[in-house]
Amino acid sequence: MKKIPLWIDCDPGVDDAAAILAALQLEELDIKGVSAVSGNVLLDKTYPNARSLVALAGREDIPVYKGADRPLRREPVTAAYVHGEDGLGGAD
């Protein structure tokens, strides 16, 4: 089976967490890497979240990188009121 190469660029809040964990289980995907950006919460939370999710799935062979820490054209607007201060609703 030929795998589909994929890069995941995300701002891991609870929604992206579910998508990342699902993607990491799909044998059809060849996940090349993950980059975390500021979005649902700031980069200082999304980057550790992405690393934790990759580790939780037992896929520490997949590199995780820091992406943009802010939007290019406006001030950051987060959704911590939805995703919690850490982006994952306080889940450890």
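How many helices and strands does the secondary structure of the protein chain come to? There are three helices and three strands. Helices are DSSP runs of H or I with at least four residues, strands are runs of E with at least two, and both are numbered from the N terminus. Along the sequence, the pattern reads β-α-β-α-β-α.

This is a predicted model, in which local features need pLDDT of at least 70 and side-chain atom pairs count only at pLDDT 80 or more, while totals for chains, interfaces and linings use all residues. Residues are numbered from 1 along each chain as its sequence is written, and side-chain values use heavy atoms, with hydrogens and water left out.

**Overall form**

The C-alpha trace spans about 45 × 30 × 15 Å along its principal axes. Of the 92 residues, 38% are buried. Buried means under 20% relative accessible area, exposed means over 50%, and partly exposed lies in between (1.4 Å probe, protein chains only). Contact means heavy atoms within 4.5 Å. Among contacts with a separation of 6 or more, 78% come from residues 24 or more positions apart.

**The core**

In soluble globular proteins, nonpolar side chains tend to be buried together. Here the largest nonpolar core holds 18 residues, and Ile8, Ile31 and Val34 touch the most other members. Such a core is a set of buried Ala, Val, Leu, Ile, Met, Phe, Trp, Tyr and Cys residues joined through side-chain atoms within 4.5 Å. Strand S1 (4–10), helix H1 (14–23), strand S2 (29–36) and helix H2 (43–56) each give two or more residues to this core. H2 gives the most, with five residues. Leaving aside neighbours within four places in sequence, valine 34 is in contact with residues including Trp7, Ile8, Ala50, Val54 and Tyr65.

**An aromatic pair**

The whole structure has one aromatic pair. The rings of tryptophan 7 and tyrosine 65 have centres 5.9 Å apart and planes at 20°, so they are stacked. Rings of Phe, Tyr and Trp (its six-membered ring) pair if their centres lie within 6.5 Å; planes under 30 degrees apart are stacked, over 60 edge-to-face, and the rest tilted. Tryptophan 7 sits in strand S1 and tyrosine 65 in strand S3 (residues 64–66), so the pair ties together parts 58 residues apart in sequence.

| Residue | Relative accessibility | Class |
|---|---|---|
| Tryptophan 7 | 42% | partly exposed |
| Valine 41 | 2% | buried |
| Tyrosine 65 | 45% | partly exposed |
| Histidine 83 | 7% | buried |

Histidine 83 lies in helix H3 (residues 80–83). Its side chain reaches the backbone nitrogen of valine 14 at 3.1 Å. A polar contact of 3.3 Å also joins the side chains of histidine 83 and asparagine 40. A polar contact is a pair of N or O atoms within 3.5 Å; within protein, one must be able to donate a hydrogen and the other to accept it, and residues adjacent in sequence count only if both atoms are side-chain atoms.

Valine 41 lies in the loop between S2 and H2. Not counting residues up to four places away in sequence, valine 41 touches Thr46, Thr78, Ala80, Gly84, Glu85, Asp86 and Gly87.
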